[in-house]
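I set out to look up strand pairing, ring contacts and charged pairs. The entries follow in the order in which I made them.

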Amino acid sequence: MGAPVTFNTALPVGGDEFVARGLLVRSQSGDDPGTTDRGLSATALVSVLGYGVTPRLALFGVLPYTDKDLDLTVGGSRLSRSSSGIGDVSLFGRYTLLQSDQPGRTFRVAPFVGVKAPTGNDDERDGVGRLPAAVQSGTGAWDAFGGVVATYQISALQVDGQVSYRVNNEANGFDPGDEARLDGSLQYRLWPRTLGSGVPDVLYGVLEMNLVHRDKHEINGTTDDNS
């Protein structure tokens, strides 16, 4: 089995081995609070590389390439603003604190901690001027995050759960607010019903839940009550 779609797993990366993963993420928002006829869409190609330093310690790097479009109405005219480029890279370490292995099943708990570096461009401009923070490829800020992920796995089933907290720092007069998350994932093998010898082709169904609480944004020190 693999990792959940939207967060990490506690399953190990073999010592002195690499794992790579790619994700294509599409998001769409409707009218933003406090505005009229304003919508933001974004597509991100996310590359993930993991390295097993030891059977218990793994290091990860996450690098997104984003394409964002903001459509809004100003003075009765339709205006489109966009950006594309490499976003902010995240680097973190994960250590297996608890490991319980039995025939055909495993349970693992692994805390993790990391930073997000401002590698993306946070000063992109178009003919109108400097792009809004939500449209920039990068945030311009160093952020920190950490949490704990747990995984229970048997032959046909995997359950992952994660609790995490992210400190989002201010840059360019914009503070997006800190973020707390509770994530859960259930993976179930749909086909084949019974595994044969060798390494089989498999099809899994995945159901995920994400509960997110984010503090209100601040713009130049003033709280944005619509955030």
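**Entry 1**

I note that the model is predicted: local features need pLDDT of at least 70, side-chain atom pairs count only at pLDDT 80 or more, and totals for chains, interfaces and linings use all residues. Residues are numbered from 1 along each chain as its sequence is written, and side-chain values use heavy atoms, with hydrogens and water left out.

I took strands as DSSP runs of E with at least two residues, numbered from the N terminus, and counted two strands as paired if DSSP finds at least two bridges between them. Strand E6 (residues 98-102) pairs with strand E7 (residues 105-117) in the antiparallel sense, over five bridges. Two residues lie between the strands of this hairpin, and Gly 104 has a positive phi near 80°.

I then checked the side chain of Arg 108 and found a salt bridge to Asp 101, with the closest N and O atoms 3.4 Å apart. The term requires a side-chain nitrogen of Lys or Arg within 4 Å of a carboxyl oxygen of Asp or Glu. For accessibility I used relative accessible area with a 1.4 Å probe and protein chains only: buried under 20%, exposed over 50%, partly exposed in between. Arg 108 is buried at 10%, whereas Asp 101 is partly exposed at 43%.

**Entry 2: aromatic rings**

I found four aromatic pairs in the structure. Rings of Phe, Tyr and Trp (its six-membered ring) pair if their centres lie within 6.5 Å; planes under 30 degrees apart are stacked, over 60 edge-to-face, and the rest tilted. Phe 60 and Phe 92 are stacked, because their ring centres are 4.9 Å apart and their planes stand at 15°. This pair links strand E3 (residues 57-74) to strand E5 (residues 89-95), across 32 residues. Phe 92 and Phe 145 are edge-to-face, with centres 6.0 Å apart and planes at 65°. Phe 145 lies in strand E8 (residues 143-154), 53 residues from Phe 92. Both Phe 92 and Phe 145 are buried. Ring pairs join Phe 60, Phe 92, Phe 112 and Phe 145 into a cluster.

**Entry 3: further salt bridges**

I recorded nine salt bridges in the structure. One of them joins Arg 214 and Glu 179, with the closest N and O atoms 2.7 Å apart. This pair links strand E12 (residues 203-214) to strand E11 (residues 179-191), across 35 residues. Salt bridges with shared partners connect Glu 179, Arg 181, Asp 183 and Arg 214 in one network.

Definitions and conventions. Helices (H or I, at least four residues) and strands (E, at least two) are DSSP runs, numbered from the N terminus.
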